[in-house]
Amino acid sequence: RGVPVAQGMLLSRAESAIREQSMREFRLAHDGAYAERERARARMRARGEEDFRRDFWPSKRAEVRIKAIEHESHELVMRSRRRAIEHLTAAIAATNAGSGSEEKAGPVNALKYWDSFYAVET
């Protein structure tokens with residue numbers, strides 16, 4: 001017995017979304033695959049067949065595919081986070097690059113900032 005058609009299409013969409021690095025499309029396909037698994041469980045219960053456990057998939061092939069998809073999605077998230085951190089670091093560095101020659105207007109520490117108000121008044 002193979003993977004049900006709807007579930008197979010959803011798993012294929014999830015795999016292609018990971019290749020295209022599209023998290024939104026991946027999320028839709030991944031959530032759809034889990035929803036289809038629950039529908040398959042309901043159909044099996046309705047027919048009186050032996051139900052598979054909640055943490056298993058209807059077929060071994062589907063289970064292997066979803067594990068591979070989830071591993072690849074984790075790698076995609078880690079790559080995206082690293083890329084976002086690199087972009088953020090570059091943006092901060094570019095912002096601070098021009099301020100190296102200028103004198104700072106006030107104290108950096110908040111307590112010193114408030115103390116400077118009282119020092120000016122007296």
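Which residues in α2 are buried? In α2, the buried residues are Phe 26, Ala 29, His 30, Gly 32, Ala 33, Glu 36, Arg 37, Ala 40, Arg 41 and Met 44. Buried means under 20% relative accessible area, exposed over 50%, and partly exposed in between (1.4 Å probe, protein chains only).

This is a predicted model, where local features need pLDDT of at least 70, side-chain atom pairs count only at pLDDT 80 or more, and totals for chains, interfaces and linings use all residues. Residues are numbered from 1 along each chain as its sequence is written, and side-chain values use heavy atoms, with hydrogens and water left out.

Start with the whole chain. The protein chain has four helices and zero strands, in the order α-α-α-α. Helices (H or I, at least four residues) and strands (E, at least two) are DSSP runs, numbered from the N terminus. Of the 122 residues, 23% count as buried. Contact means heavy atoms within 4.5 Å. Among contacts with a separation of 6 or more, 51% come from residues 24 or more positions apart.

Now follow helix α2. It covers residues 23-47, 25 residues in total. At 1.5 Å a residue, α2 should span 36 Å, and its end C-alpha atoms are 36 Å apart, which agrees. The expected span is 1.5 Å times one less than the number of residues. After α2 comes Gly 48, with a positive phi near 80 degrees.

Next, the charged pairs. The structure holds nine salt bridges, each a side-chain nitrogen of Lys or Arg within 4 Å of a carboxyl oxygen of Asp or Glu. Arg 27 pairs with Asp 31, their closest N and O atoms 3.7 Å apart. These two sit four residues apart in α2, so about one helical turn separates them. Arg 27 is partly exposed at 41%, and Asp 31 is partly exposed at 43%.

Glu 36 bridges to Arg 39 at 2.9 Å between the closest N and O atoms. Glu 36 is buried at 8%, whereas Arg 39 is partly exposed at 42%. Arg 37 forms a salt bridge with Glu 38, at 3.6 Å. Arg 37 is buried at 7%, while Glu 38 is partly exposed at 26%. Salt bridges with shared partners join Glu 36, Arg 39 and Arg 43 into one network.

Trp 57 lies in the loop between α2 and α3 and is buried at 7% relative accessibility. Trp 57 and Glu 38 are 19 residues apart in sequence, and their C-alpha atoms are 9.4 Å apart. Ser 73 belongs to helix α3 (residues 60-97) and is buried at 10%. Beyond its neighbours within four places in sequence, Ser 73 contacts Ile 18 and Phe 26.
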